[in-house]
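Welcome! Take a moment to look over the model below, and then let us walk through a few of its helices together.

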Amino acid sequence: MAAAAKSQDRIPKLTRVQLTPLGRKPHGCPAAVTPSWARLTATHKAITGLFDTLHVLRERSAEEGNPRRLTEDQLDQVRAAIVFTSAGLDACLRRLLRDALPDLIHAGGAADGKFTGYMHEHRLRGELTKATKSAITSADPRARLIDLYVEDLAGSSLQSWQDLQSVRDALGLTARTLVDSNLQNLKPFFAARNEISHELDLVDPSGRGNRGRRHREMTAVGSQCDLVIHVIEDFLVDTSKAIKAIPASTPIT
């Protein structure tokens with residue numbers, strides 16, 4: 001028994017990455033936010049499970065006397081955390097745009113102003129696209145133009161803090177947690193996400209010189225993923241407040 005205890009003492013203490021718990025789902029969460037909240041909780045659970053699994057594997061490796069430095073397979077799990085978090089960001093905010101934006105536009109205010117400005121600048125200027133012409137001549141042109149606006153905003157993945165800025169402004173959100181300076185804190189995450197997604201994390205993806213893979217520091221990646229998840233949470237909480245603030249007399253979709 002004593003020998004086993006001494007053996008355990010020789011195993012180096014490993015750093016464990018843990019995400020900050022999510023807050024409670026907003027009270028009276030609107031139907032337009034509920035599907036995105038479900039995606040957020042699923043993302044948080046998936047990333048937590050990934051880091052828990054990584055910790056178990058590192059403990060086993062340490063017990064076998066292997067060095068504490070992450071193996072390439074373990075680094076791939078760290079990279080996977082970035083990819084999974086990015087997928088969760090896309091799933092949550094793209095669904096939020098589709099579900100919540102029409103109601104916020106119909107309510108007027110900042111979201112309606114952004115919609116109108118976007119239409120005049122991008123959809124109703126110069127030669128009209130076939131989709132725009134079809135929307136204008138439909139039975140409900142405004143509803144169809146809103147659909148096109150949502151498609152333009154949500155059609156591609158979110159790859160920069162400026163993309164999040166566009167989503168925030170389109171929804172008319174004003175939370176202090178979503179100011180530009182806070183969104184800019186996500187730059188390292190998006191840089192890593194793009195390097196992994198487009199370059200397979202190669203140092204020199206062009207094929208010249210060193211083509212080794214970038215090292216990812218586990219705790220830094222954990223902090224980046226945690227930050228992104230809670231930015232998503234801020235989007236959902238503030239959108240929930242905005243929808244609940246719509247006067248009951250306002251017609252919504």
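Leaving aside residues up to four places away in sequence, Asp112 touches Ile105 and Arg142, where contact means heavy atoms within 4.5 Å. This is a predicted model, in which local features need pLDDT of at least 70, side-chain atom pairs count only at pLDDT 80 or more, and totals for chains, interfaces and linings use all residues. Residues are numbered from 1 along each chain as its sequence is written, and side-chain values use heavy atoms, with hydrogens and water left out.

Asp112 sits in helix H4 (residues 110-123); helices are DSSP runs (H or I) of at least four residues. The side chains of Asp112 and Arg142 make a polar contact at 2.7 Å, that is, a pair of N or O atoms within 3.5 Å, one able to donate a hydrogen and the other to accept it.

Now for the two helix pairs, with axes fitted to C-alpha atoms over the stretch in contact and angles from 0 to 180 degrees between N-to-C directions.

| Pair | Axes | Angle |
|---|---|---|
| H3 (residues 72-106) and H6 (residues 141-154) | within 10 Å | roughly 145 degrees |
| H7 and H10 (residues 218-244) | 11 Å apart | about 10 degrees |

Because of its angle, H7 counts as roughly parallel to H10 (under 35 degrees). Here Leu164, Val167, Arg168 and Leu171 of H7 meet Val231, Phe235 and Thr239 of H10. Among the buried residues of H7 (residues 161-171) are Leu164, Val167, Arg168 and Leu171, buried being under 20% relative accessible area with a 1.4 Å probe, protein chains only. After H7 comes Gly172, with a positive phi near 70 degrees.

Note on methods: Buried means under 20% relative accessible area, exposed over 50%, partly exposed in between (1.4 Å probe, protein chains only). Helices (H or I, at least four residues) and strands (E, at least two) are DSSP runs, numbered from the N terminus. Angles under 35 degrees count as roughly parallel, over 145 as roughly antiparallel, 65 to 115 as roughly perpendicular and the rest as oblique.
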